[in-house]
Amino acid sequence: MSDGAGPIQIRQREWPDTLAVSGLRDTGWRPVPFRQFILKVHGKCDLACRYCYVYQGADATWSTKPTVMSASVADRACDRIVEHAAGHGLDAVAVVLHGGEPLLAPQELFDRIAHRLRGGLPPGATVDLRVHTNAVSLTPARLDALVAAGYRLGVSLDGDAAAHDRGRRYANGAGSHAKVDRALRLIASRPGALAGLLCTVDLANDPVTVYDALVHYGAPAIDFLLPHGNWDSPPPHRPPDDSMPYGDWLIAVFDRWYGDANPVDVRMFADIMRLLLGGASTSELIGLSPCALVVVDTDGSLEQVDTLKSAYHGAAATGLSVLTDSFDAALAVPAVAARQIGLAALSDVCRACPVHQVCGGGYYPHRYRRGAGFKNPSVFCPDLRRLIEHIESRVRADLGGVVSPT
Ligand code: SF4
């Protein structure tokens, strides 16, 4: 069996394929409405990053989709977002234009989306518009147009030039840091335009040097992202043992950040501290918060978070489309529900773990193991436990013991 993108392996039913959403509802559980909508406005990219999970991962569905989202699909996606917000009484939604590389799509499409959402949302409801970009093609004129339409930019940056260019390269092997640096200096000239930086962890890079390079740009937030992988396709240098290379890397960054007199918002660290103090996380990367994010691909198909594409071909698919289905229909898909049921989605190993309320089993795509599905500890399990216990010890020491990780 093939769709032209290579042979597709037949996969047996595994968790959460077998999750009965109607049974969950019978117990009183109700899905959480989506609040973050990722619109993939362009399906191709002008970089060929070494760790890319879209074009080099197990899922090749990108090769069968339109390159650019059409105006009619964008309109339908916006109308579905408005319908969802109105139906659930949401006072705020976040819409992120994504890719591939979204800036390869025309600005007219960005303007159209912003205009249609603002015109359609109920009175008083707000939309946080963002673009997640590699920024290499950003021009002053494009930035002006994005800012005028109300978009803020999240930019992928992996550190200083040496660190960034280790992974984020063009197809010919040339690094992209010089262009990203130029773009970030340009963005800095438009106050408020930079929403944050996204940094993928590479163990070959020095953690403190990376952190200092990121902080240099004055972004209001930094997201550290673990490279994608699972038990069948392990992340780079993540052996199936109790070593903690990613935990140690992140601890070096945490200690630098924690000692900073005026620290930037590093979401992973802030969420762990919030969870240790009894609060909730702000994303599904850590903790047991329900995932309230959904993806619309260039053809209008509804997908789960596209990092699932690192697991297997079709892992992110729901079989639904904005052309024919509401977002409420996606909430009834077992794989979507599985990322909203918190503790019930954890493996027995995680439930018995002393830090599970903080860790939450790790990021859902990182739990996959063929045959068992997603009900496993994260492939980063030792790293996560080491990081959480380190942060707990630092915070506990400062607060005189008032910390409860479980
Ligand atoms: S540290 Fe490991 S066992 Fe504990 S909750 Fe996280 S993934 Fe599960």
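Helix α2 (residues 71–88) and helix α3 (residues 107–120) approach until their axes are within 9 Å, and they cross at roughly 25°. Here an axis is a line fitted to C-alpha atoms, for helices over the stretch in contact, and angles run from 0 to 180 degrees between N-to-C directions. Because of that angle, α2 is roughly parallel to α3 (under 35 degrees counts as roughly parallel, over 145 as roughly antiparallel, 65 to 115 as roughly perpendicular, and the rest as oblique). The helix names follow DSSP runs numbered from the N terminus, with helices (H or I) of at least four residues and strands (E) of at least two.

This is a predicted model, in which local features need pLDDT of at least 70 and side-chain atom pairs count only at pLDDT 80 or more, while totals for chains, interfaces and linings use all residues. Residues are numbered from 1 along each chain as its sequence is written, and side-chain values use heavy atoms, with hydrogens and water left out.

Which residues bring α2 and α3 together? On the α2 side they are A71, A74, D75, C78, D79, I81 and V82, and they meet L109, R112, I113, R116, L117 and G120 in α3. Contact here means heavy atoms within 4.5 Å. By class, this contact has eight nonpolar, one polar and four charged residues (Ala, Val, Leu, Ile, Met, Phe, Trp, Tyr, Cys and Pro count as nonpolar, Asp, Glu, Lys and Arg as charged, and the others, Gly among them, as polar).

Helix α3 also packs with helix α4 (residues 140–149), at an angle of about 10° and with the axes 10 Å apart. That angle makes α3 roughly parallel to α4. From α3, the residues Q107, F110, D111, A114 and R118 meet R142, A145, L146 and A149 in α4. The contact of α3 with α4 divides into five nonpolar, one polar and three charged residues.

Now for the aromatic rings. A pair of aromatic rings is described by the distance of the centres and the angle of the planes. Rings of Phe, Tyr and Trp (its six-membered ring) pair if their centres lie within 6.5 Å; planes under 30 degrees apart count as stacked, over 60 as edge-to-face and the rest as tilted. By this rule the count comes to 13 aromatic pairs, and two of them are set out here.

| Pair | Centre to centre | Angle between planes | Kind |
|---|---|---|---|
| F34 and F327 | 6.2 Å | 75° | edge-to-face |
| F254 and W257 | 5.7 Å | 50° | tilted |

F34 is buried at a relative accessible area of 1%, and F327 is buried at 0% (buried means under 20% relative accessible area, exposed over 50%, and partly exposed in between, with a 1.4 Å probe and protein chains only).

F254 and W257 are three residues apart in helix α8 (residues 245–258), so about one helical turn separates them. F254 is buried at 0% relative accessibility, and W257 is buried at 8%.

Finally, D271 has its place in helix α9 (residues 267–276). Is D271 buried or exposed? With 1% relative accessibility, D271 counts as buried. Not counting residues up to four places away in sequence, D271 touches S281, T282, S283 and I286.
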